[in-house]
Amino acid sequence: MKEMELTHRQGAMRMERAREYLIKPLLNRRYPVVQYGQGVYLYDEDGNAYLDAASGAVTAGIGHGVREVIDAMKEQAEKVAFVYRSQFTNEPAEKLAARLSESAPGNDYWTFFVNSGSEATETAMKIAIQHWQEKGRPSKYKILSRRMSYHGITLGALSMSGHTARRRRFVPLLEELPMVAPAYCYRCPLRLTYPDCGLACADDLDAAIRRIGAEHVAAFIAEPIVGAAGGAVVPPEGYFRRIKEICERHDILFIADEVMTGIARTGKMFAMEHWGVEADIIALGKGMTAGYAPMAAAMAKDHIIEPILRGSQVVMSGHTFSANPLSAAVSLAVLDYIGQHGLVQAAADRGEKLLQRLRAMAERCDIVGDVRGKGLLLALEFVADRGAKRPFPAEAGVTSIVVDQAFARGLLVYPASGGFDGDGDAVIVAPPL
């Protein structure tokens, strides 16, 4: 039965197709048409069920078809679905900004709402640069980041990203390649071993700042747990405390890119809570609305906004759909649902069980080199030689094979890179909370 189902789905993707108009990820592939979602499953027009073990793109955090969110969307749409932020504010956006500040480490954040994670990290970058301009220090404009990183696909966000495959076509338009070593203990880029390394990967930030000159550096941006560029790479204990100390010593802001990790995904509302570190600026997305509407956010602490408030009084960024009331109402409903159903703790508990089951499976599967993650943000990295941690050659396309074979069997997992130069293979397993 499984083989018949596999053949049917693969055959459907190869069928001759009529003229198409929608640009999809692969232009020569025929994609199934999804009809509806319910809980952890998506269903296509042929009645095939797909277990959404990736929450789409680590986005659908509370699953599909949740009635409370749908009702909140309908209720807000009947009031007003759009207002322009330079003309009006709106109650859902005001409430959401307050709710996010209350739940974030430190509880004193201003929030700028945008539409996607890429916009959130780029807005965070702009706020950091403007902060120093308004303090009379315009030479502080560089944003440092790590070689194994992904902060978004817009040009500013991509400039901060070390995801080599996504940078390659646009290199002439981007800032120089991110230079700081990743905290990647499985295959340390510095060829050291934790804890004897003394957190040398964190100290690499200090070295980069000294090479450039702190007077030119506005901020350092990092994902608490690396997502697409590495596959749920968790830093060693003490890493982010050292990073924050280095940033403070050099008068540099710390931006936490929580687009993938934020809103309960890792077993904390914000992943930085695992290490007791408060970021100066936080980028959020994905889980904020759990995929029910487009929305993301850049959150900046009081001390970041204060010089702007005393100066120009304008954060120089903006989008037509910023602070959209319909999306904000959806996000509030998602946060309510997460709280009412205890999904932060559920992600921690179920994530630990899933991690142990995946590790047990890996013992029987020679190509799985590492299983890692926190909460329900987990990943498997694939290797040609487990002992040597040697990756497969890129032309083997192992990640694509695994993702496609899983899809053909009704299982959705998310592709990621492995190896600190993006020369390996991994998939992310991140089901709804």
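Before you click: the model is predicted, so local features need pLDDT of at least 70 and side-chain atom pairs count only at pLDDT 80 or more, while totals for chains, interfaces and linings use all residues. Residues are numbered from 1 along each chain as its sequence is written, and side-chain values use heavy atoms, with hydrogens and water left out.

**Stop 1: helix H11**

Select residues 325-340, which make up helix H11. Helices (H or I, at least four residues) and strands (E, at least two) are DSSP runs, numbered from the N terminus. The expected span of a helix is 1.5 Å times one less than its number of residues. For the 16 residues of H11 that gives 22 Å, and the end C-alpha atoms are 22 Å apart, which agrees.

Now colour by burial: buried means under 20% relative accessible area, exposed over 50%, and partly exposed in between (1.4 Å probe, protein chains only). In H11, 12 of the 16 residues are buried, so the helix is largely enclosed by the rest of the structure. Among them are Pro325, Leu332, Tyr337 and Ile338. Show helix H3 (67-79), helix H4 (91-103) and helix H12 (343-362) too, as the buried residues of H11 pack against these; contact here means heavy atoms within 4.5 Å.

Zoom in on the start of H11, where a side-chain oxygen of Asn324 reaches to within 3.0 Å of the backbone nitrogen of Leu326. After H11 comes Gly342, whose phi is positive, near 60 degrees.

**Stop 2: Lys301**

Next, pick Lys301 in strand E9. Is Lys301 buried or exposed? At 6% relative accessibility, Lys301 counts as buried. Its side chain makes a polar contact of 3.1 Å with the side chain of Glu278. (A polar contact is a pair of N or O atoms within 3.5 Å; within protein, one must be able to donate a hydrogen and the other to accept it, and residues adjacent in sequence count only if both atoms are side-chain atoms.) Leaving aside residues up to four places away in sequence, Lys301 also touches others, including Pro105, Asp108, Tyr109 and Asp280.

**Stop 3: the pockets**

On a 1 Å grid over the protein atoms alone, a cavity is a set of points where a 1.4 Å probe fits but cannot get out, and a pocket is an open set with protein on both sides within 12 Å along at least five of seven lines; lining residues have an atom within 4 Å of a point. Grid points are joined across faces, edges and corners, and a volume is the space filled by probe spheres set on the points.

Select Pro25, Tyr31, Val403, Tyr414 and Pro415: of the 42 residues lining the largest pocket, these lie nearest its centre. The volume of the largest pocket is about 1,700 Å³, and H13 gives the most to its lining, with six residues.

For the second largest pocket, about 680 Å³, go to Arg85, Trp110, Thr111, Phe112 and Val315, the closest to its centre of 26 lining residues. E4 supplies the largest share of that lining, five residues.

**Stop 4: the cavities**

How many cavities of 30 Å³ or more are there? The count comes to three. The largest cavity, about 90 Å³, has Cys185, Cys188, Leu192, Cys197 and Cys201 nearest its centre. Finish at the second largest cavity, about 80 Å³, by selecting Gly61, Gly262, Ile263, Arg265 and Gly287, which lie nearest its centre.
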